[in-house]
Amino acid sequence: MYTVILGLFYLFYSRFLSGAIPDDFLKSIREEDPSVEVVVDLSDNFITDLSSSLTTFTNMNLVLVDSDITSPAPEEFCDTDHTGWTAGMVGQVRDGGALNACNAILCPPGSYNKDGRLSVTRGCDVCTSCTTFGCTSCIDETLTNGNKVCEILNELFTKTSGRAWYNNDNWLVVGKDICEY
């Protein structure tokens with residue numbers, strides 16, 4: 001028998017994972033000690049749905065930004081039993097009462113935050129070009145509208161895991177000209 005103290009799983013920027021998170025994901029840790037701190041980073045993959053089986057965990061930092069998620073996080077992720085999620089942000093937002101606590105897991109479609117989720121210093125800002133949950137950047141539609149070169153560069157950045165590039169300065173930054181990428 002072993003005791004799990006901390007679970008760390010980093011499978012980010014891979015674009016190899018796709019589909020829904022399976023119900024048996026992290027099953028052995030859930031059965032061993034669901035209160036253990038678990039960090040799972042599946043950012044920048046093709047994750048479409050979240051498994052409600054993860055609600056067993058009470059202290060999870062689940063990072064799923066830029067993963068093409070089209071379904072909201074299960075409401076159970078954001079209830080009073082999960083205030084320790086995302087380093088306590090779910091609890092802070094819930095206690096504040098003004099915002100949807102699930103925004104501390106992923107910003108909803110139509111909004112973005114550089115962290116892909118609400119943070120202590122910044123909420124989820126309006127962005128009509130974000131069509132999935134957890135957007136980290138907003139394409140300035142006034143620059144791209146009708147500008148095919150800009151549209152192609154923005155798609156290149158998104159589809160090739162631009163957030164993981166060694167030099168990704170100014171890419172998809174609102175107000176930056178494509179010559180400054």
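Is Asp115 buried, exposed or partly exposed? Asp115 counts as partly exposed, because its relative accessibility is 34%. That value sits between the 20% and 50% cut-offs. The structure is a predicted model.

## Confidence

The protein chain has an average pLDDT of 77. A score of at least 70 is reached by 83% of the residues. Residues 1–6 fall below 50. This stretch still has eleven contacts in the model beyond near neighbours in sequence.

## Salt bridges

The whole structure holds two salt bridges. One joins Asp115 to Lys114, with the closest N and O atoms 3.5 Å apart. Asp115 is partly exposed. Lys114 is exposed, at 58% relative accessibility.

The salt bridge between Asp125 and Arg122 has its closest N and O atoms 2.4 Å apart. Asp125 is partly exposed, with a relative accessible area of 28%. Arg122 is also partly exposed, at 30%.

## Disulfides

How many disulfides does the count come to? The count is three. A disulfide is a covalent bond between the sulfur atoms of two cysteines. Counting bonded cysteines along the chain, the pattern is 1-2, 3-4, 5-6.

Cys78 pairs with Cys102, and their sulfur atoms lie 1.8 Å apart. The torsion about this S-S bond is about 110°, so the disulfide is right-handed. The pair links distant parts of the chain, 24 residues apart. Cys78 lies in the loop between β5 and α2, and Cys102 in the loop between α2 and β6 (111–112). Cys78 is buried, with a relative accessible area of 0%. Cys102 is buried too, at 8%.

Cys107 is joined to Cys124, with an S to S distance of 2.1 Å. Here the torsion is about -85°, so the disulfide is left-handed. The two cysteines are 17 residues apart. Cys107 sits in the loop between α2 and β6, while Cys124 sits in the loop between β6 and β7 (125–126). Cys107 is buried, with a relative accessible area of 0%. Cys124 counts as partly exposed, at 21% relative accessibility.

Cys127 and Cys138 form a disulfide with sulfur atoms 2.0 Å apart. The torsion about their S-S bond is about 90°, so this disulfide is right-handed. Both cysteines are in the loop between β7 and α3 (141–144), eleven residues apart.

## Other buried cysteines

Cys130 is buried, with a relative accessible area of 4%. Cys135 is buried as well, at 8%.

## Nonpolar cores

Which residues of the largest nonpolar core touch the most other members? They are Leu26, Leu54, Met60, Phe77 and Trp85. This core has 32 residues. At least two of its residues come from each of β3 (37–41), β5 and α2.

Another core, of five residues, lies apart from the largest one. Its members include Tyr112, Cys127, Cys130 and Cys138. Cys127 and Cys138 are also the partners of a disulfide.

## Around Trp85 and Phe77

The count of aromatic pairs comes to one. Phe77 and Trp85 form it. The pair is tilted, with 4.7 Å centre to centre and 35° between the planes. Both residues are buried.

Leaving out residues up to four places away in sequence, Trp85 touches Leu54, Phe57, Thr58, Asn59, Met60, Leu62, Phe77, Val90 and Ile105. Leu54, Met60 and Phe77 are among the residues that touch the most other members of the largest core.

## Thr86

Where is Thr86 placed? Thr86 lies in the loop between β5 (60–63) and α2 (89–96). Cys78 is in the loop between β5 and α2 as well. Thr86 is buried, with a relative accessible area of 4%.

Leaving aside neighbours within four places in sequence, Thr86 contacts Met60, Asn61, Leu62, Ala104, Ile105 and Arg117. Of these, Met60, Leu62 and Ile105 are also among the residues that Trp85 touches.

Definitions and conventions: Residues are numbered from 1 along each chain as its sequence is written. This is a predicted model: local features need pLDDT of at least 70, side-chain atom pairs count only at pLDDT 80 or more; totals for chains, interfaces and linings use all residues. Side-chain values use heavy atoms; hydrogens and water are left out. pLDDT is the predictor's confidence in each residue, from 0 to 100. Contact means heavy atoms within 4.5 Å. Rings of Phe, Tyr and Trp (its six-membered ring) pair if their centres lie within 6.5 Å; planes under 30 degrees apart count as stacked, over 60 as edge-to-face and the rest as tilted. Buried means under 20% relative accessible area, exposed over 50%, partly exposed in between (1.4 Å probe, protein chains only). Helices (H or I, at least four residues) and strands (E, at least two) are DSSP runs, numbered from the N terminus. A disulfide is a pair of cysteine sulfur atoms within 2.5 Å. A nonpolar core is a set of buried Ala, Val, Leu, Ile, Met, Phe, Trp, Tyr and Cys residues joined through side-chain atoms within 4.5 Å. A salt bridge is a side-chain nitrogen of Lys or Arg within 4 Å of a carboxyl oxygen of Asp or Glu.
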